[in-house]
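I opened the model to look up a few things and kept notes as I went. The entries follow in the order I made them.

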Amino acid sequence: MLTEKSMPALSNEERNFLAPVGYEDDARRSGTCILVDQSVRYVHSEDPQVEIMPLKDALGLYSWVQDLMFGLISPDENEHVKLAAERTEDPVGHFVRVREGAKVRLPLQTFSVIGTPQGRQFIHDITVIEKGAEVEMISGSAVPESVRAGHHVSIGEAYIHEGAVCRSLTIEQWGVDMDIHSYNRTKVGAGARVSSNQVLVAPVKHHASNSVSFLGENAVANDHSVVFAPAGANRIMRSETHLNGKGARSESLTRMVTAGGSITNEARLVGEAADTYGFLGCDGLKMTDEGEILSVPALLARHSKSQLSHEASVGMISEEKMAYLMSSGMSEDLARDLIVEGFLNLKEQDLPSEVRSSVKAMIEAAKSGSM
Amino acid sequence: MAEQILGIRGLDVAAKGVPILRAVDLEIGAGEVHVLFGPNGSGKSTLLSAIMGLPPYVVSAGEIRLGGERIDGLAIDERARRGIGMAFQRPPAIDGVTVEDFSQTLGSADILHREAASLDLADFAARHINVGFSGGEVKRWEVFKLFLQDPRLLLFDEPESGVDLEHISAVGDAINRLMRTPNRAGEARSALIITHTGFILDYIEADVGHVMIDGHIVRSGEPRALFESIQKHGYKTMQP
């Protein structure tokens with residue numbers, strides 16, 4: 001088993017490239033796990049209410065963890081998942097457990113890093129938030145400046161038990177020529193509440209995400225994603241939210257901006273039970289004639305007392321709004337930045353201030369590279 | 001006449017190939033307030049838009065000068081930075097951009113907090129620009145925006161339309177206060193105000209009035225006398 005003593009502390013370089021995606025020192029986090037390439041680089045927690053360890057260790061420690069692995073996703077889901085399921089090496093990924101009733105004061109953080117040029121990474125993460133526990137989670141991905149290309153495949157399975165509360169923030173900053181495939185499955189127990197903010201703004205060659213959530217009775221899920229695609233980026237997001245339990249509620253807002261890249265967002269809400277409510281908001285903004293946004297919200301009501309709705313829009317930056325702001329003396333670039341930032345609604349995102357400024361910097365950098 | 005701030009000569013303006021203004025001449029001196037009357041569709045708003053450089057209006061003949069410098073070939077923001085500011089009649093809503101973001105981008109956050117209360121906009125800092133604003137709030141914001149921008153030439157497109165009587169006086173007071181206060185460079189401000197109803201004349205001191213009909217300025221003179229004539233006889237007697 002990996003122990004903390006066998007792991008060297010993070011270098012300044014590592015801290016520096018992880019900071020823009022939310023990393024903070026141990027004193028400001030209830031737990032930390034950092035995966036680099038195919039190994040657990042760093043794991044730490046001093047909070048007795050939080051268990052955080054390599055998944056391999058958790059499988060050895062708790063027999064029930066093996067039931068959670070591939071509990072929400074079939075090993076036959078597709079070629080990527082099958083490849084991960086059939087790997088003969090030890091699984092690489094984190095196991096996070098927040099104990100029943102715990103009110104975790106500091107956020108918990110987990111990060112994935114590809115540290116080797118043309119690195120290959122297969123990750124399987126398991127998260128368990130036990131009954132009545134409350135926690136905030138920050139997760140992200142990053143690469144050192146020297147790494148541009150690589151391939152990452154991740155599977156994440158999260159079990160949010162009855163009455164638990166989980167707020168999460170995910171910020172991804174992969175290399176510009178990387179190929180990313182992520183599969184996330186979340187089971188939200190009765191009366192549990194999850195809210196997630198996802199920030200996908202840094203340049204990446206190809207990023208395909210596939211997520212499915214299952215909500216129990218009176219469970220609530222709110223998610224808010226901001227997505228940016230500079231020229232050369234191709235982002236494909238597919239999500240499904242199943243309102244399985246009576247009274248389950250879900251609201252999902254996605255704001256997408258292309259500055260020449262391609263974004264596909266296919267979101268589906270499925271009303272499976274009585275008194276369920278769901279809303280999908282999928283809005284896209286094109287900054288140039290290049291690039292494309294495909295927004296496909298879908299509603300499937302399987303119960304007569306399920307109320308589902310959606311709003312979707314895709315359009316260019318309004319000439320009228322640009323003229324209005326420029327008539328106050330703002331340059332064209334300033335006016336465009338203000339409109340884009342407003343559209344992405346970064347203010348409404350529950351972002352730590354240092355992350356907010358790094359997200360703005362990512363958008364700036366991505367735009368300057370693409371326009 | 002005072003130093004000329006705005007000089008328009010022989011101005012023809014078209015939108016999407018359709019002529020709207022023809023042979024417009026207009027001069028506004030430093031510190032002067034001019035009002036522009038005219039029926040709906042006469043081209044009043046087009047004139048303001050052409051001065052500001054807003055699309056889709058294109059100057060097809062003539063010239064516009066600001067402080068002697070020809071500006072009709074300049075971009076909107078370049079005109080604004082030279083000292084033109086406009087209060088729009090129907091401004092767009094800009095979701096996600098707060099009043100505070102706007103003033104910070106203009107570098108006038110200090111003015112935001114100092115002046116907002118005078119227009120009953122003290123709680124506006126966190127609101128998104130023109131999103132969910134009432135008719136009166138839109139007008140007050142449009143005037144307040146000019147405090148933040150600090151222009152030398154103020155263009156008002158129907159500042160009283162959609163405003164209840166109580167707030168017309170607040171808008172009028174704010175316009176007066178703007179006019180009385182020199183800009184940061186110490187220059188006297190001038191204004192061109194479009195009014196359809198004439199109500200704003202009860203609250204501001206106007207120096208010159210003009211009547212526009214079918215894209216022409218057909219008459220200029222003392223503003224109250226012009227307005228009384230319009231009230232009595234309508235625009236029929238003023239046809240070009």
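**Where the chains meet**

I looked up the contact (heavy atoms within 4.5 Å) first, and it takes 21 residues from chain A and 29 residues from chain B. I note that this is a predicted model, where local features need pLDDT of at least 70, side-chain atom pairs count only at pLDDT 80 or more, and totals for chains, interfaces and linings use all residues. Residues are numbered from 1 along each chain as its sequence is written, chains are lettered from A in the order in which they are written, and side-chain values use heavy atoms, with hydrogens and water left out.

I then looked up buried area, the accessible area (1.4 Å probe) that two parts lose on being put together, summed over both. Chain A and chain B bury about 1,900 Å² between them, and 68% of this is on carbon and sulfur atoms. On the chain A side, the residues that lose the most area to chain B are Y324(A), S327(A) and S328(A), together 33% of what that side buries.

**Charged pairs**

How many salt bridges are there between chain A and chain B? I found 1, counting a side-chain nitrogen of Lys or Arg within 4 Å of a carboxyl oxygen of Asp or Glu. R255(A) and D95(B) form a salt bridge through their side chains, at 3.9 Å from N to O.

Helices and strands here are DSSP runs, numbered from the N terminus (helices: H or I, at least four residues; strands: E, at least two). Helix 5 (319–326) and helix 6 (332–344) of chain A each supply at least two residues of the side that touches chain B. Helix 5 of chain A gives the largest share of that side, 7 residues.

K103(A) is in the loop between strand 4 (94–98) and strand 5 (108–113) of chain A, and E134(A) is in strand 7 (residues 134–142), 31 residues apart.

**Two helices of chain B**

I looked up helix 5 (residues 135–149) and helix 6 (residues 165–180) of chain B, which pack at an angle of about 10° with their axes 10 Å apart. Axes are lines fitted to C-alpha atoms, for helices over the stretch in contact, and angles run from 0 to 180 degrees between N-to-C directions. Helix 5 and helix 6 of chain B are therefore roughly parallel to each other, a label for angles under 35 degrees. Among the residues that meet are V143(B) and L146(B) in helix 5 of chain B, and V171(B) and I175(B) in helix 6 of chain B.

Terms used: Parallel < 35°, antiparallel > 145°, perpendicular 65-115°, else oblique.
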